[in-house]
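This report walks through selected features of one structure, shown below. Please keep it in view while reading.

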Amino acid sequence: MTVSSRWPSVATSSQLKEKMQRAKVLCVGAGGIGCELLKTLVLSGFEDIEVIDMDTIETSNLNRQFLFRKHHVGQSKAQVAAEAVRVFRPNAQISVYQGNVKESRFDKAFFQRFAIVLNGLDNVEARRHVNRLCLSAGTPLIESGTEGYLGQVTVHYRLKNGAGEIQDATECFECAPKQSRTKTYPVCTIRNTPEKPIHCIVWAKELLFARLFGRPDVATDLDEAAAGEEGAEANGDTGDHISASAFVRGPDETADTYAKRIFCRVFEEDINRVLSMEDLWETREKPKPLHLADTLGDGQPALQNGSVGGEHGAAAGESACKALGISGAHRVWSLAECAKVFLESIKQYLEGRPTEVGEAVFDKEDDLAVEFVTAAANLRAANYGIPQQSLFITKGMAGNIIHAIATTNAIVGGLIVVEAMKILAGKPECSKATFILKHVTNPKAKRLLNAISPGEPNPNCAACGTARLELLIDTAKTSLEDLLSKVVKKKLSLVEPTLRTDEGFEYEEGEGLDDDEVAGNKAKLPIMLDQQSGGGLKHGTVLHVEDQVQEFKVQIEFSHKEDWDEEQDPEFFKLGGSVPQATSKSADEAGPSSAAGPSTAPADEDDDDDIVIMDGPSAADGVGTDDDVMIVDEVKPPTMLAAADIAPDANGSAGKRGADADLEGPRKRRKAS
Ligand SMILES: Nc1ncnc2c1ncn2[C@@H]1O[C@H](COP(=O)(O)OP(=O)(O)OP(=O)(O)O)[C@@H](O)[C@H]1O
Ligand SMILES: [Zn+2]
């Protein structure tokens with residue numbers, strides 16, 4: 001290797017500086033990573049930048065998105081970020097788009113205009129979409145993600161020679177199947193024998209909140225609490241009296257009476273019920289029922305008198321704490337405060353948000369929902385002698401939030417620029433996938449930044465390879481609408497799918513359809529798969545699925561399956577083959593250095609299913625093992641490799657197999673040429 005061929009010496013060359021000035025780069029996302037990236041880009045000499053972000057600035061962004069100030073709240077992130085960095089380098093041409101990168105105006109031709117695309121996104125759907133457009137446009141992509149102290153930057157490209165043949169290619173963003181980070185809790189632990197704050201929070205959010213305010217037709221584990229459980233039956237408790245009806249408000253029941261009844265029900269009567277399961281308490285501390293009047297304290301009014309919203313200026317249905325004059329997100333409330341917030345928040349839902357009751361889905365940004373969950377979880381924690389948590393901590397745990405660390409974003413922003421410089425310098429072979437770890441996992445290397453060569457393309461990748469997927473599903477009981485929403489859009493991240501079979505079935509979405517076509521396609525949605533035109537989508541059918549904007553094509557072969565075990569397959573389908581996963585394994589779960597813990601569980605792009613509780617096969621044993629119930633929290637952004645998948649040699653050069661070879665993950669690494 002000659003000196004001139006090495007990357008670092010190229011970095012200072014005047015040719016590279018010129019290339020950086022002239023190269024048109026696209027930044028997708030102007031949030032935590034995006035702000036750092038934009039700042040570093042212009043300060044490094046990039047002068048032709050376009051930025052897309054769909055969002056406006058929120059107060060909660062200000063602690064780490066340093067291009068924004070308080071007076072910018074409510075304004076476009078892309079716009080304000082561009083204005084802020086123009087001050088650093090007035091020569092820079094920065095164009096902004098406030099919009100969703102999935103909009104059709106950001107098509108292949110749009111992506112082809114850029115030398116490199118730089119992602120600072122926070123959800124996997126948008127990442128996959130940009131990945132597919134970069135693949136179709138042939139534009140190199142630098143992908144990034146952070147998760148608290150953890151972060152990563154990966155490089156994805158397919159370089160063609162003059163004849164249009166692929167000369168050098170890395171894996172794409174979707175090449176490596178990502179494993180979900182799964183935490184397991186027995187359902188009995190959640191229901192009857194919680195031991196940690198997270199168990200109480202999951203109970204409050206997934207079971208009680210869902211039962212009181214969510215869809216009544218969706219059963220929760222609260223309904224069948226004792227039914228069929230060994231411990232219950234052994235104690236003569238068949239669970240018959242535990243049913244959803246206990247949570248239904250009576251026709252003449254006032255909100256106050258209902259809220260109090262629910263309190264007595266879940267914190268007193270249910271605790272007495274589990275106390276009667278004596279075998280549960282042979283080796284455990286017995287829980288203590290809470291009596292409402294005692295919990296509130298003598299002479300304390302249970303609820304504010306007068307209208308919902310109270311005397312503290314809160315709008316009806318806005319916030320129980322505000323209505324009660326309770327402040328302090330960082331302090332642990334007294335038990336009396338928890339009881340008051342619990343009662344008030346139920347009242348606020350019933351009277352302040354009547355249309356939401358029966359439909360509500362927990363949202364970490366909804367004050368009232370978080371207050372309810374905090375109060376309920378703390379009251380349950382009091383039942384079981386478990387430490388209580390502040391609203392702030394509860395919100396983080398319930399919303400699977402990892403609090404962003406500004407310095408991690410800054411490191412990632414810097415690394416993206418370094419990788420962009422390598423590509424512009426004509427040194428793509430020097431590209432590195434770099435992982436920021438929280439702890440030193442390789443005592444030999446002693447470093448927190450691990451750089452490895454990008455992996456090779458996976459021929460079975462659905463995005464850049466030629467995968468045929470297998471879909472196991474009940475074709476007689478699944479409608480086309482469900483197939484589209486749950487499989488095609490959610491699992492495969494298509495935005496405007498076209499479906500067809502060789503036997504004549506067709507379905508299309510997107511622009512350019514006339515009214516008749518739209519109506520014809522719509523009419524097919526409620527029809528079961530096996531009843532669709534062209535002989536239906538049934539066992540053995542091969543469906544061609546395509547998104548023209550993404551230039552994404554995949555074939556799905558159907559296998560009909562009638563009997564599903566909801567506990568094992570709560571989605572009622574299984575998609576096999578090389579499926580792009582919504583989840584990923586993060587660097588922190590691989591070893592003893594794990595940062596994983598309930599409070600650091602990452603947020604997910606699929607807000608509706610970031611936590612799943614399932615009874616497992618051995619749940620019938622009363623107190624289960626960790627296999628009984630899964631609480632799955634799906635990872636938000638990064639395609640992080642496990643730390644064990646990162647095996648730099650002692651010199652830090654990546655991808656070499658050294659003493660750590662046995663730790664290296666299954667993916668094939670490209671050899672630096
Ligand atoms: N499909 C999309 N199109 C355009 N911008 C997107 C898209 N998806 C996400 N983004 C942007 O990516 C950025 C991600 O930044 P970040 O992870 O810091 O999130 P945030 O919304 O700023 O902060 P937080 O989620 O922690 O409140 C956001 O500004 C968001 O608007
Ligand atoms: Zn791929």
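How many residues of strand E5 (residues 141-147) are buried?

## Basis of the description

This is a predicted model, in which local features need pLDDT of at least 70 and side-chain atom pairs count only at pLDDT 80 or more, while totals for chains, interfaces and linings use all residues. Residues are numbered from 1 along each chain as its sequence is written, chains are lettered from A and ligands numbered from 1 in the order in which they are written, and side-chain values use heavy atoms, with hydrogens and water left out.

Seven of the seven residues of E5 are buried, where buried means under 20% relative accessible area, exposed over 50%, and partly exposed in between (1.4 Å probe, protein chains only). Leu 141, Glu 143, Gly 145 and Glu 147 point one way from the strand, whereas Ile 142, Ser 144 and Thr 146 point the other way, and all are buried. Strands (E, at least two residues) and helices (H or I, at least four) are DSSP runs numbered from the N terminus.

Strand E4 (residues 116-119) runs parallel to E5 and is joined to it by two bridges; two strands pair if DSSP finds at least two bridges between them. Leu 118 has Ile 142 in E5 as its bridge partner.

Strand E13 (residues 497-501) pairs with E14 in the antiparallel sense over three bridges, and Leu 499 has Tyr 507 in E14 as its bridge partner. In general, strands of a sheet pair through backbone hydrogen bonds, either parallel or antiparallel.

Met 20, which lies in helix H2 (residues 14-22), is buried, with a relative accessible area of 3%. The C-alpha atoms of Met 20 and Leu 41 are separated by 9.1 Å, and the two residues are 21 residues apart along the chain. By contrast, Val 87, placed in helix H4 (residues 77-88), counts as exposed at 65% relative accessibility.
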